[in-house]
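The report below describes a two-chain structure, working from the overall make-up of the chains towards individual residues. Please read it alongside the sequence and the coordinates.

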Amino acid sequence: MSRRSSGTRDPADAAPLFAALGDATRLALLDRLGAGGPQSITRLTAGSSVTRQAITKHLHILADAGLVHDSRRGRERIWTLDTKRLDEARRSLDQIAQQWDAALGRLKMFVEDEQESAPTTDSDALQRERNQP
Amino acid sequence: MSMDRIEKTIVLHAPRSRVWRALSQAKEFGAWFGLALEGDFAPGARLTGRLTTPGHEHLTLEITVERVEPEHLLSYRWHPYAIEPGVDYASEPTTLVEFQLADVADGTQLTVVESGFEGIPLARRAIAFRMNDQGWAEQLTHIARYVAT
């Protein structure tokens with residue numbers, strides 16, 4: 001299992017990514033950047049109960065994980081969402097989802113094959129199944 | 001954006017009682033999942049089974065059953081990536097797997113929800129995601145072949 005295929009990141013790379021995502025405030029920030037596009041801390045803080053200082057800290061954690069980056073525009077710093085890393089995180093969860101797809105596919109074969117091979121008609125089989133305790 | 005749960009829905013062209021049996025009887029569950037599982041799915045029960053795929057027989061999965069509502073709902077907890085030999089997973093958080101059944105016109109609708117990934121130690125998640133990509137794909141091919149014969 002130590003195969004290292006191309007495009008597979010070292011596990012150590014993924015850990016900070018999930019740590020960065022494991023926080024409600026940071027997930028909310030990502031949502032806002034995703035929905036509202038690149039924006040300043042002033043705008044990100046507006047309407048939030050979290051202080052500007054705390055938002056700044058969270059943004060830096062997200063930046064360290066490669067999820068956002070900032071650039072200077074005049075006197076302000078503008079924060080932008082980097083979707084590439086988010087896609088990677090989602091892909092990780094997708095892999096488990098795919099396992100479920102495969103497992104459910106096998107379950108489907110398992111329960112449906114029996115129906116087809118039953119010597120009685122479908123409705124008979126259905127009735128018999130329903131009558132079981 | 002949820003990083004915490006996976007939800008899947010499938011329609012099975014089989015009666016609810018048949019689907020329930022495939023889920024709730026350990027032997028049948030193991031047959032399609034690829035696990036040598038014994039015992040009964042009863043609330044609080046702990047079932048241990050060895051994976052049956054060639055090359056993975058040294059790996060065991062432990063399932064702790066939570067809710068059993070016949071032909072309606074089955075849920076259990078497990079360590080989603082308890083795959084490294086010699087590691088004691090007992091103290092680590094588990095994910096919750098829930099199967100829900102409902103009647104539909106042409107059979108049974110099954111919904112599976114696995115939740116709680118946020119609680120899994122990050123390093124393990126990272127490793128496991130990678131393991132899944134490589135180990136499971138191979139394993140599933142074997143199982144598909146077995147079921148089809």
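A strand, as the word is used here, is a DSSP run of E that spans at least two residues, and strands are numbered from the N terminus. In this predicted model, Ser115(B) belongs to such a run, namely strand S7 (residues 107–115) of chain B. With a relative accessibility of 18%, Ser115(B) counts as buried, because the cut-off for that class is under 20%. Apart from neighbours within four places in sequence, Ser115(B) is in contact with Asp4(B), Arg5(B), Thr95(B) and Leu96(B).

Chain A contains 6 helices and 3 strands, which follow one another from the N terminus as α-α-β-α-α-β-β-α-α. Chain B has 3 helices and 7 strands, and its pattern along the sequence reads β-α-α-β-β-β-β-β-β-α. The table sets out some overall values for each chain.

| Chain | Residues and buried share | Accessible surface and share of carbon and sulfur atoms |
|---|---|---|
| Chain A | 133 residues, 36% buried | about 7,800 Å², 49% |
| Chain B | 149 residues, 52% buried | about 6,600 Å², 51% |

Among contacts in chain A with a separation of 6 or more, 48% are between residues 24 or more positions apart. For chain B, 47% of the contacts between residues at least 6 apart in sequence join residues at least 24 apart.

In soluble globular proteins, nonpolar side chains tend to be buried together. The largest nonpolar core here has 38 residues, and the members that touch the most others are Trp100(A), Phe41(B), Phe99(B) and Leu110(B). Helix H5 (residues 83–117) of chain A supplies the largest share of this core, with 7 residues. Apart from this core lies another, of 15 residues, which includes Leu21(A), Leu33(A), Ile41(A) and Leu81(A).

Phe99(B), one of the members with the most contacts in the largest core, touches Trp100(A) in the other chain as well as a series of residues in chain B, among them Leu23(B), Phe29(B), Trp32(B), Leu74(B), Tyr76(B) and Leu110(B), when residues up to four places away in sequence are not counted.

**Helices**

In chain A, the axes of helix H2 (residues 24–36) and helix H4 (residues 52–64) come within 10 Å and cross at roughly 80°, which means that H2(A) is roughly perpendicular to H4(A). From H2(A), the residues Thr25(A), Arg26(A), Leu29(A), Leu30(A) and Leu33(A) meet Ile55(A), His58(A), Leu59(A), Ile61(A) and Leu62(A) of H4(A). By class, this contact is made up of 7 nonpolar, 2 polar and 1 charged residues.

In chain B, helix H1 (residues 16–24) is largely enclosed by the rest of the structure, because 8 of its 9 residues are buried. The buried residues of H1(B) include Arg18(B) and Arg21(B), along with Val19(B), Trp20(B) and Leu23(B).

**A residue with positive phi**

Glu71(B) is not a glycine, yet has a positive phi of about 60°. Glu71(B) sits in the loop between strand S4 (60–69) and strand S5 (73–78) of chain B, and with a relative accessibility of 28% counts as partly exposed.

Terms used: Residues numbered from 1 in each chain as written. Chains lettered and ligands numbered in written order. Predicted model: local features only at pLDDT ≥ 70, side-chain atom pairs only at ≥ 80, totals over all residues. Heavy atoms only, no water. Core = buried A, V, L, I, M, F, W, Y, C linked by side-chain atoms within 4.5 Å. Buried < 20%, exposed > 50% of the residue type's maximum accessible area, 1.4 Å probe, protein only. Helix = DSSP H or I, 4+ residues; strand = E, 2+ residues; numbered from the N terminus. Contact = heavy atoms within 4.5 Å. Axes fitted to C-alpha atoms, helices over the stretch in contact; angles between N-to-C directions. Parallel < 35°, antiparallel > 145°, perpendicular 65-115°, else oblique. Nonpolar A, V, L, I, M, F, W, Y, C, P; charged D, E, K, R; others polar. Areas by Shrake-Rupley, 256 points an atom, 1.4 Å probe, with all protein chains shown as cover.
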